Amino acid sequence: MHVPRISRFLLTSPSAIRTAEQDADTFTARQEVSTMVRALGGRPMLRKDDPEHAVEREAINPALRPRRIGADWQPRFERIVAERLDRLAEVPDDEVDLNRDFAAPVASRCLIEMLGFSDVTDEEMARWSTSLIAGIGNILDDDDIWRRAERTVTEVQERLDELLPRLRTAPDSSITSHLLHAGLPEEAVRTNVMLTISGGMNEPQHMITGMVWALDRHPAQRDRLIESQTGWAEAFEETVRWISPIGMLPRESTVETHVEGFRIPAGSNVGLLLASANRHVDLIDRPDEYDTSRGSRGHLGFGSGSHLCAGRWAAKSIVGDVALPRLYQRFPKLRVDDSRSTVWDGWVFRGITSLPVAR
């Protein structure tokens with residue numbers, strides 16, 4: 001369907017989205033006018049097609065493979081979560097906001113360490129990520145959002161001016177080091193670090209609050225998970241499907257084409273609406289029901305095809321393997337505090353930005 005307000009054709013079914021993801025000749029990721037390119041100050045791998053995309057993707061993959069996540073990063077995730085749980089316990093009961101006091105700091109600190117920064121605060125990373133995400137989603141062309149994104153790019157570039165020389169002489173296991181030593185041009189390294197800052201905090205943060213919110217509304221499933229302390233990985237996948245923190249992926253049609261009976265002219269902005277496809281009957285039975293026991297493998301929450309999210313295993317480790325199990329172990333009576341307002345924000349990237357809870 002065509003939505004004039006955002007000047008975009010939206011593909012909403014699983015089959016249409018998979019077709020588009022697998023046909024870069026017709027639906028290119030390399031949009032000529034891209035909010036992501038403008039927000040990040042350069043063209044990252046997500047706005048390129050193969051083979052150019054594949055070169056940069058191969059540079060980042062070694063740092064984010066499941067075995068590397070388990071060996072190098074999960075112990076650090078455990079430490080970070082334990083530290084934040086101690087701080088969460090100190091917040092007065094009537095003031096606890098799970099996003100502010102746990103989800104955002106956990107996601108920030110995990111990302112800081114994965115990128116190899118040594119002198120960036122949790123608050124700085126959160127501000128950077130929020131500003132870049134707002135820019136990427138700025139389809140209504142708000143000037144203030146662009147100014148915030150530009151300031152963030154300048155700040156990150158200054159930190160990279162310090163970090164990259166150190167990593168050239170002393171490589172480590174960080175994402176930035178892998179990008180740098182894979183032989184990519186420095187501009188590509190810097191732009192893909194910007195890309196990682198945007199999505200690398202946003203998804204884990206929103207999944208922590210999103211899972212707590214979803215389980216709170218399905219107490220029997222929550223209690224089963226807490227009692228058995230198994231099934232968290234399946235719960236993570238089902239929550240990604242049900243909430244879809246990445247709501248839409250942009251593409252551009254290179255030629256006139258037809259998708260499921262609809263004509264799309266050449267040069268059109270196209271949106272792959274993952275949030276819709278994940279609630280489609282062709283994807284899964286009872287799509288509007290939240291059922292953590294079924295294991296929603298095959299959902300489209302992280303995209304599909306060659307652009308399948310590189311950080312999905314890291315997000316699953318942070319949230320499904322560490323943050324949620326440890327959170328409920330420490331606070332088994334954790335509940336959403338409905339006497340205060342839960343706040344959702346975003347559409348292209350959507351999640352809870354304020355989640356009051358009681359422990």
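In which loop is P51 found? P51 sits in the loop between helix 2 (35–40) and helix 3 (52–64). Helices here are DSSP runs of H or I with at least four residues, strands are DSSP runs of E with at least two, and both are numbered from the N terminus. The peptide bond leading from D50 into P51 is cis, with omega near 10°.

Before we walk on, a word about what you are looking at. This is a predicted model, in which local features need pLDDT of at least 70 and side-chain atom pairs count only at pLDDT 80 or more, while totals for chains, interfaces and linings use all residues. Residues are numbered from 1 along each chain as its sequence is written, and side-chain values use heavy atoms, with hydrogens and water left out.

Let us take in the whole protein. It holds 13 helices and 11 strands, and its C-alpha trace spans about 55 × 55 × 40 Å along the principal axes. For 359 residues, a compact globule would have a radius of gyration near 21 Å, and the protein agrees with this at 20 Å. That radius is taken over C-alpha atoms, and the globule rule is 2.2 Å times the number of residues to the power 0.38. Of the 359 residues, 57% are buried; buried means under 20% relative accessible area, exposed means over 50%, and partly exposed lies in between, using a 1.4 Å probe and protein chains only. Contact means heavy atoms within 4.5 Å. Among contacts between residues at least 6 apart in sequence, 69% join residues at least 24 apart.

Strand 1 runs antiparallel to strand 2 (residues 8–11), and 2 bridges join them. Here H2 stands opposite F9 of strand 2. F9 also stands opposite V270 in strand 7, and strand 2 and strand 7 run parallel, joined by 3 bridges. On we go to strand 4, which is antiparallel to strand 7 and linked to it by 5 bridges. How enclosed is strand 7? It is largely enclosed by the rest of the structure, because 4 of its 5 residues are buried.

Axes are lines fitted to C-alpha atoms, for helices over the stretch in contact, and angles run from 0 to 180 degrees between N-to-C directions.

Next, look at a pair of helices. The axes of helix 5 (residues 98–115) and helix 6 (residues 122–136) come within 9 Å and cross at roughly 95°. The two helices are therefore roughly perpendicular to each other, a label for angles of 65 to 115 degrees (under 35 counts as roughly parallel, over 145 as roughly antiparallel, and the rest as oblique). Helix 5 brings P105, S108, R109, L111, I112 and L115 to the contact, and helix 6 brings D122, M125 and A126. By class, these are 6 nonpolar, 1 polar and 2 charged residues. Ala, Val, Leu, Ile, Met, Phe, Trp, Tyr, Cys and Pro count as nonpolar, Asp, Glu, Lys and Arg as charged, and the others, Gly among them, as polar.

Some loop residues deserve a stop too. S244, between helix 11 (232–243) and strand 4 (248–253), is not a glycine, yet has a positive phi of about 55°. Is S244 buried or exposed? With a relative accessible area of 2%, S244 is buried. R286 also has a positive phi, near 50°, and lies in the loop between helix 12 (274–277) and helix 13 (312–330). R286 is partly exposed, with a relative accessible area of 40%.

Finally, follow the chain to a hairpin. Strand 9 (residues 343–345) and strand 10 (residues 351–354) run antiparallel and share 3 bridges. D345 has G351 in strand 10 as its bridge partner. The hairpin has 5 residues between its strands, and G346 takes a positive phi near 95°.

Key:
Pairing = 2+ DSSP bridges.
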